[in-house]
Amino acid sequence: MTTSAPHPLVLVPGLLCDALLWAPQVEGLADIADAWVPAPTQHASVEALARAVLADCPFERFALAGLSMGGYIAMAIQRQAPQRVTHLALLDTNAVADAPAASTARRELVARSQAEGLGAVADALLPRLVWPQAPRHAALRATVRSMAWNVGTAAFARQQEAIIGRPDARAALARVACPTLVACGAQDLLTPPALHEEMAALVPGARLEVFADCGHLSTLEQPGRVTQALRSWLG
């Protein structure tokens, strides 16, 4: 009896997040996926962050998933090297450019992080990152703060500038030709389900999943459901 080789899998974290964001999926998919989580912190543009992930990636061809800012980077990777991407998953993200009001709020958060520290920023963001009624809310708050400290203030500023300068990616989504999953939490306040419906409609053959009782950080809030969705996506 033969067994298939694990899928090479790249999992891109979001703003102020690190490998902890994907820890449940790395463990839950270990039997079918060889997962690698990059640290997208060194550049101030989405395109440069995507190039860095491609340069550092240990796999020639791979399945690719990104959450929030990680989704922006994943879409840029797909644009830059579509021949390397075997599957694409976009979680709790969106394909539109940053609105002026959102850019102003991002720069205010960067200033606050420099004045008050990233703990204060993480606490301020938490109600929009995690569904307030989520089980294990205290544990999720601790994880969000830990990831923020791990990323650091300077990288946070670079990440926000990258998000502010990201392009509208909708036209490119129509050219995606690999199996694609678009998914989000039903209670995601930052990137609501309507944005995911639009993305899924743009990608030929894309599958849309909306996780009940779940906010923006779906991989941590509903780890079992997200892991199962990714397992089905990988085939």
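# Chat about a predicted model

Modeller: This is a predicted model. Just after helix α6, glycine 152 takes a positive phi of about 90°.

Biologist: Where does α6 run, and how many residues has it?

Modeller: Helix α6 covers residues 137-151, so to speak 15 residues. From its first C-alpha to its last it reaches 21 Å, close to the 21 Å expected at 1.5 Å a residue.

Biologist: Which residues of α6 are buried?

Modeller: Leu140, Val144, Arg145, Met147, Ala148 and Val151 are buried in α6. They sit on the same side of α6, because they cover an arc of only 160° around the axis.

Biologist: Why would residues three or four places apart point the same way?

Modeller: An α-helix has 3.6 residues a turn, so residues at that spacing point the same way.

Biologist: And which residues are exposed on the other side of α6?

Modeller: Ala138, Trp149 and Asn150 are exposed there.

Biologist: What covers the buried residues of α6?

Modeller: The cover includes α5 (118-129), α7 (153-164) and α10 (218-221).

Biologist: Let's move to α7. Is glutamine 159 buried or exposed?

Modeller: Glutamine 159, which lies in helix α7, is buried, with a relative accessible area of 0%.

Biologist: What does glutamine 159 touch, not counting residues up to four places away in sequence?

Modeller: Glutamine 159 touches Gly14, Leu15, Leu16, Pro40, Thr41, Met69 and Val151. Val151 is also one of the buried residues of α6.

Biologist: What separates the C-alpha atoms of glutamine 159 and cysteine 184?

Modeller: Those C-alpha atoms are separated by 21 Å, and the two residues are 25 apart along the chain.

Biologist: New topic, the largest nonpolar core. Which residues touch the most other members?

Modeller: Leu16, Phe62, Leu64, Ile77 and Trp233 do, out of 77 residues in that core. Helix α3 (residues 69-80) gives the most to this core, with 7 residues.

Biologist: What is leucine 64 in contact with, leaving aside its neighbours within four places in sequence?

Modeller: Leucine 64 is in contact with Val10, Val12, Ala74, Ile77, Val85, His87, Leu88, Ala89 and Trp233.

Biologist: Back to α3. How many of its residues are buried?

Modeller: In α3, 10 of the 12 residues are buried, so the helix is mostly covered, where buried means under 20% relative accessible area. Among the buried ones are Met69, Ala74 and Ile77.

Biologist: What do the buried residues of α3 pack against?

Modeller: They pack against β1 (7-12), α2 (46-56), β3 (62-67), β4 (85-91), α7 and α8 (170-173).

Biologist: You mention β1. In which sense does β1 pair with β2, parallel or antiparallel?

Modeller: β1 and strand β2 (residues 33-36) pair in the parallel sense over 4 bridges. Proline 8 has aspartate 34 in β2 as its bridge partner. Between β1 and β2 the chain crosses through helix α1 (residues 23-28), and this β-α-β crossover is right-handed.

Biologist: How many bridges are there between β1 and β3?

Modeller: β1 and β3 pair over 4 bridges, in the parallel sense. Leucine 9 stands opposite alanine 63 in β3.

Biologist: And which strand is joined to β5?

Modeller: Strand β6 (residues 207-211) is joined by 5 bridges to strand β5 (residues 180-185), and the two run parallel. Here the chain crosses from β5 through helix α9 (residues 193-202) to β6, in a right-handed β-α-β crossover.

How values were computed: Residues are numbered from 1 along each chain as its sequence is written. This is a predicted model: local features need pLDDT of at least 70, side-chain atom pairs count only at pLDDT 80 or more; totals for chains, interfaces and linings use all residues. Side-chain values use heavy atoms; hydrogens and water are left out. Two strands pair if DSSP finds at least two bridges between them. A crossover is right-handed if, with the strands pointing away from the viewer, the path from the first strand over the helix to the second runs clockwise. The expected span of a helix is 1.5 Å times one less than its number of residues. Buried means under 20% relative accessible area, exposed over 50%, partly exposed in between (1.4 Å probe, protein chains only). The arc is that of the directions from the helix axis to the C-beta atoms. Contact means heavy atoms within 4.5 Å. A nonpolar core is a set of buried Ala, Val, Leu, Ile, Met, Phe, Trp, Tyr and Cys residues joined through side-chain atoms within 4.5 Å.
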